[in-house]
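Reader: I would like to learn how to read a structure like this one feature by feature. Please show it to me and let me ask as we go.

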Amino acid sequence: MRAIVLLIGLIAYLALAEDYYELLGVDRDADDRTIRKAFKKLAIKKHPDRNTDNPGAHDEFVKINKAYEVLKDENLRKKYDQFGEKGLEDGFQGGNNYQSWQFYNDNFGIYDEDQEIVTLNRADFQRMVSDSNEIWFINFYSTYCSHCHQLAPTWRKFAREIEGTIRVGAVNCAEDPQLCQSQRVNAYPSLVFYPTGEFYQGHRDVELMVDFVIQRLKSEVLHLNSENWKALSEDWEPYNRLPWIVDMCGGDNIECLSSTTRRKLSSMLDGLANVATIDCHSEEELCSKFDHSSGVMWFPARKLEKKSQINIESMDAQEITKHVIEYLEELPWIEADSLQRFLEGNDPDEAIAVWMLANEVQATQKKDFRRLPALIDNQIFSFDCSKSEICDDLVDKTKLPQFIVFKPTGGYEIDYAGAKDFHSASIFIREASKSHIHVLNRDSYEYAISGGEFYIIDYFAPWCPPCLKLLGEYRRFHTATSEDSILHTVAIGSLDCVKFKDLCQTAGVGSYPTSIVYTPDGKQHKLVGFHNLDYILEFLDNAMNPSVLEMSPEQFEELVINRKDEETWLVDFFAPWCGPCQQLAPELQKAARVIKNYDENAFVASVDCQKYAQFCKETQINSYPTVRMFPAKKTKQPRRAAFYDYPNHMWRNADSIHRWVYNFLPTEVVTLGNDFSSTVLDSSEPWIVDFFAPWCGHCIQFAPIYDQIAKELAGKVNFAKVDCDQWPGVCQGAQVRAYPTIRLYTGKTGWSRQDSQGYGIGTQHKEQFIQIVKQHLKLHDEL
């Protein structure tokens, strides 16, 4: 009956819940830019300032604003995608704080309509900027900065002027402050040139900013003359491998490309074509070979000759580049037999990329992809899936074109996201060539889960945006681990749960993405949802060196109920299907490591209440997760109960958990109040007292260090603490003016009470603290 009531409640909740993606009118795979644009459109239309006659306008806008606040934030979006609104209940209260209509109309999303400007955030900055071989000029701005808005028209004009020469970006520091801080940006707007990270210090003028960029370009413009033209075109590497764009410049009265346009061209065509100029005023004989003394000419590789030249009727760098792309050869086609050999396990000596096309027409529609050979070292081929059945079981033909990278380490990887441009294609090919991920089929999957190797399997759906982001993190996995690390030996496989639905169901995969770590000893560790690479590495470390013990009822009886007097146990009672339980698990792992550093007799465990349902019922576990503390029996602090449950109002993150646990750990530090004077000032023994306030951040940070010091000096010095919020009179009497204040009282001599001010210890560093105490009390190595 209880299950039926819960099910009815869940159905009612889902019926009332509104889908955030539907509220904003975007697809679930929408990127940040698309989400911002959709929200801005709704904000301008639905804002209460523009709907004063609608009494429900505020509530309606709060819903829209909350949806935007969740979907724009990587971590909140991850929780929402995985658990819905239930995943946001732990502390997130959003939507009520919003700006005026004018703000959304004039100031919000200022570069979202500019296709020449790439809006960047933490999720893509590393792979698109830091790890790329491309040149960027990035505007770090703030939505609330007036100078930033004044710069915006100039920045747009600059981006159009320099388009194709370099990549132009924008980062909103109001929404992504951590990214801006990591790039040493402390003022707005800041214009930064990459890869050098150089800050632009000049006047914010289009011409001056273009000149700044041009001066820093590494590509070259060749000057041809009668002595070098033949050797350059036929003999000298690498020039003889590339076609040519030659600016025939005939003198002062003849229009030529400007030096700036030539430099732009050389950057746009870097690796695709040589850019050169001939001064036909001084090289009349050379220009006569081409029957031209002016104009821009195209020549194929090794054929600087009249019969091969093509005249380009433009003086604009971007238009000339488009012509060059037209003249470049298509990516070579790979035969079906060769592709089949790769699929059968005949791995190439070096990574090879294959562009899978629905038909040959797609190749002509994306001519910019002809740039790829200049951007990456890998061999790249095309394959027409309309002419072969190979593609039927390999790719989803409705999602083509897609790249596949075949790896020398074995297997292949598919770009399920489908590269939208040659930039994203080059990033995928470069990362996939180095990564150890490979696509699993039925046979390779069975080996992965039962082969006795250390294996990570990423269970995903190709339509799921967090899944595609997670695959990107896994691609960088092996480059982030040292070659002598055990993690470097981990194999990573991806299993398409649309294609192999039965395998995913058998593995207990209920949402995407789900990663399961299979260890050589037969254990499994599940990680649900998208996580960044740092988190994944930490999760694997926990899997290999678990800090939380998986406990049976028999172990609970032996280790917890019958625990040693000095032992403390924290037990998480959970259910595998419970979303908040899954959110808690990695935080509990982190907390367990910190707790172990506090006290070697403190342990953390978990009990699966689906597996041991009767036991959990008898233990009076009524909801999941329930985190229960079983304190040490031997302690100076009085205990009122046999156990304590973690408070519902507290955040379930690692910091909050280990700080809560810390208050229950056995300690050498006694708590004093009005008995401070009689206990400390009237004592002939030495005392150290920590005067603190519970809201003081430095006090909280120092508390575990103070406890460690107390344990190390136990038997030589007495330790106490006084809560100055609870006992303000005591602290005022001791003339405490800052928190924490640490005082050493050496002990009274004779009948006189000690001075309440004692001796102040000004350091919170453990070793220095102990050294000061040693010196002051004339205690030596016996401490």
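Reader: In which loop does Q735 lie?

Author: Helices (H or I, at least four residues) and strands (E, at least two) are DSSP runs numbered from the N terminus. Q735 lies in the loop between helix 29 (728–733) and strand 28 (741–745). Before going on: this is a predicted model, in which local features need pLDDT of at least 70 and side-chain atom pairs count only at pLDDT 80 or more, while totals for chains, interfaces and linings use all residues. Residues are numbered from 1 along each chain as its sequence is written, and side-chain values use heavy atoms, with hydrogens and water left out.

Reader: What is the phi of Q735, and is Q735 buried or partly exposed?

Author: Most residues other than glycine have a negative phi, and most peptide bonds are trans. Q735 is not a glycine, yet has a positive phi of about 55°. For exposure, buried means under 20% relative accessible area, exposed over 50%, and partly exposed in between (1.4 Å probe, protein chains only). Q735 has a relative accessible area of 35%, so Q735 is partly exposed. R302 is also not a glycine and has a positive phi of about 65°. R302 is in the loop between strand 9 (295–299) and strand 10 (310–312), and is partly exposed because its relative accessible area is 45%.

Reader: How do I read strand pairing, and in what order do the five strands of the open sheet come?

Author: Two strands pair if DSSP finds at least two bridges between them. The five strands of the open sheet come in the order 1-3-2-4-5, with mixed pairing. Strand 1 (117–119) and strand 5 are the edge strands, each pairing on one side only. Strand 2 and strand 3 run parallel and are joined by six bridges; I138 stands opposite G169 in strand 3. For an antiparallel case, take strand 18 (residues 514–518) and strand 19 (residues 524–528), joined by five bridges. Y518 stands opposite Q524 in strand 19. The hairpin of these two strands has five residues between the strands, and G522 there takes a positive phi near 90°.

Reader: What is a nonpolar core, and how many residues has the largest one?

Author: A nonpolar core is a set of buried Ala, Val, Leu, Ile, Met, Phe, Trp, Tyr and Cys residues joined through side-chain atoms within 4.5 Å. The largest has 26 residues, and those with the most contacts inside it include W155, F158 and V213. Strand 2, helix 8, strand 3 (167–172), strand 4 and helix 10 each give two or more residues to this core. Helix 8 gives the largest share, seven residues. A second, separate core of 25 residues includes I334, F342, V395 and Y412.

Reader: What does W155 touch?

Author: Contact means heavy atoms within 4.5 Å. Leaving aside its neighbours within four places in sequence, W155 is in contact with residues including Y111, F137, V168 and M209.

Reader: Which residues of helix 10 are buried, and what do they pack against?

Author: In helix 10 (residues 206–215), V206, M209, V210, F212, V213 and I214 are buried. They pack against strand 2 (136–141), helix 8 (146–162), strand 4 (190–194), strand 5 (198–199) and helix 12 (259–268).

Reader: How do I read aromatic pairs, and how many does the structure hold?

Author: Rings of Phe, Tyr and Trp (its six-membered ring) pair if their centres lie within 6.5 Å; planes under 30 degrees apart count as stacked, over 60 as edge-to-face and the rest as tilted. The structure holds 45 aromatic pairs. F39 and F108 form an edge-to-face pair, 5.5 Å centre to centre with 70° between the planes. F39 is in helix 3 (residues 32–46) and F108 in the loop between helix 6 (101–106) and strand 1, 69 residues apart. F39 counts as buried because its relative accessibility is 1%, and F108 counts as buried because its relative accessibility is 5%. Ring pairs also link F137, W155, F158, F193, Y200 and F212 into a cluster.
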